[in-house]
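Here is a short report for a first look at this structure. Keep the sequence and the model side by side while reading.

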Amino acid sequence: MKGEIIVAFDGSPHSRGAVEWAALECRAQRARLTVCHVWDGPHTEREAAITEQRRRLAEHVLLEGVRLAERLLPGQEVRSVLARGTPGPELVSLSRTARTLVVGSRGLGGLTGLLLGSVSAHAAAHAFCPVLVIPPHARVPHLIETHSRLRGETATRGRRGW
């Protein structure tokens with residue numbers, strides 16, 4: 001569904017912030033929210049038991065993100081996507097149907113960030129939609145009501161707090 005907001009969630013504090021921002025954007029844009037989690041497990045048949053354990057753990061992490069989003073968007077349906085693969089390319093693939101992709105940033109930066117790679121940088125460089133990268137410790141703004149003179153309507157927008 002084009003127009004949904006997709007947020008990546010891995011259970012970390014920076015991904016919780018991404019879910020909070022995504023919920024805020026959903027309210028402001030009256031969009032649907034999809035929480036996704038990408039996992040990568042062993043690929044050989046021999047390691048089927050380990051793969052199953054990792055898949056169940058990934059489902060648990062995804063459910064945690066969906067519950068957080070549902071608390072932030074009471075009464076609104078929150079869709080979930082569990083994908084297996086490399087996070088950057090999987091998020092780019094999901095971005096084909098999105099209005100916005102929201103990802104958290106661990107803020108490693110510098111040489112460490114370059115050596116480890118960056119899911120947020122990959123998504124921002126390759127996504128098929130705008131990408132909102134939430135920096136570490138970003139404060140989720142309080143919703144404030146603003147008036148749009150250009151459209152002559154009332155809109156709810158967030159004040160960026162970093």
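Is Cys 26 buried or exposed? Cys 26 is buried, with a relative accessible area of 1%. Buried means under 20% relative accessible area, exposed over 50%, and partly exposed in between, using a 1.4 Å probe and protein chains only.

## About the model

This is a predicted model: local features need pLDDT of at least 70, side-chain atom pairs count only at pLDDT 80 or more, and totals for chains, interfaces and linings use all residues. Residues are numbered from 1 along each chain as its sequence is written, and side-chain values use heavy atoms, with hydrogens and water left out.

## Overall layout

The protein chain has five helices and seven strands. Helices (H or I, at least four residues) and strands (E, at least two) are DSSP runs, numbered from the N terminus. Along the sequence, the pattern reads β-α-β-α-β-α-β-α-α-β-β-β.

The protein chain has 162 residues, and 41% of them count as buried. Contact means heavy atoms within 4.5 Å. Among contacts between residues at least 6 apart in sequence, 74% join residues at least 24 apart.

## Helix α1

Helix α1 covers residues 13–29, 17 residues in total. Its first and last C-alpha atoms lie 24 Å apart, close to the 24 Å expected at 1.5 Å a residue. The expected span is 1.5 Å times one less than the number of residues.

The buried residues of α1 include His 14, Trp 21, Glu 25 and Cys 26. Just after α1, Arg 30 takes a positive phi of about 55 degrees.

## Cysteines

Cys 129 is also buried, with a relative accessible area of 11%. A disulfide is a pair of cysteine sulfur atoms within 2.5 Å. By this rule the count is zero.

## Helices α3 and α5

The axes of α3 (residues 87–94) and α5 (residues 119–126) come within 9 Å and cross at roughly 35 degrees. Axes are lines fitted to C-alpha atoms, for helices over the stretch in contact, and angles run from 0 to 180 degrees between N-to-C directions.

Pro 87, Gly 88, Pro 89, Leu 91 and Val 92 of α3 make the contact with Val 119, His 122, Ala 123 and His 126 of α5.

## Ser 105

Ser 105 sits in the loop between β4 (98–104) and α4 (110–116). Ser 105 is buried, at 16% relative accessible area. Leaving aside residues up to four places away in sequence, Ser 105 touches His 14, Ser 120, Val 133, Ile 134, Pro 135 and Pro 136. One of these, His 14, is a buried residue of α1.
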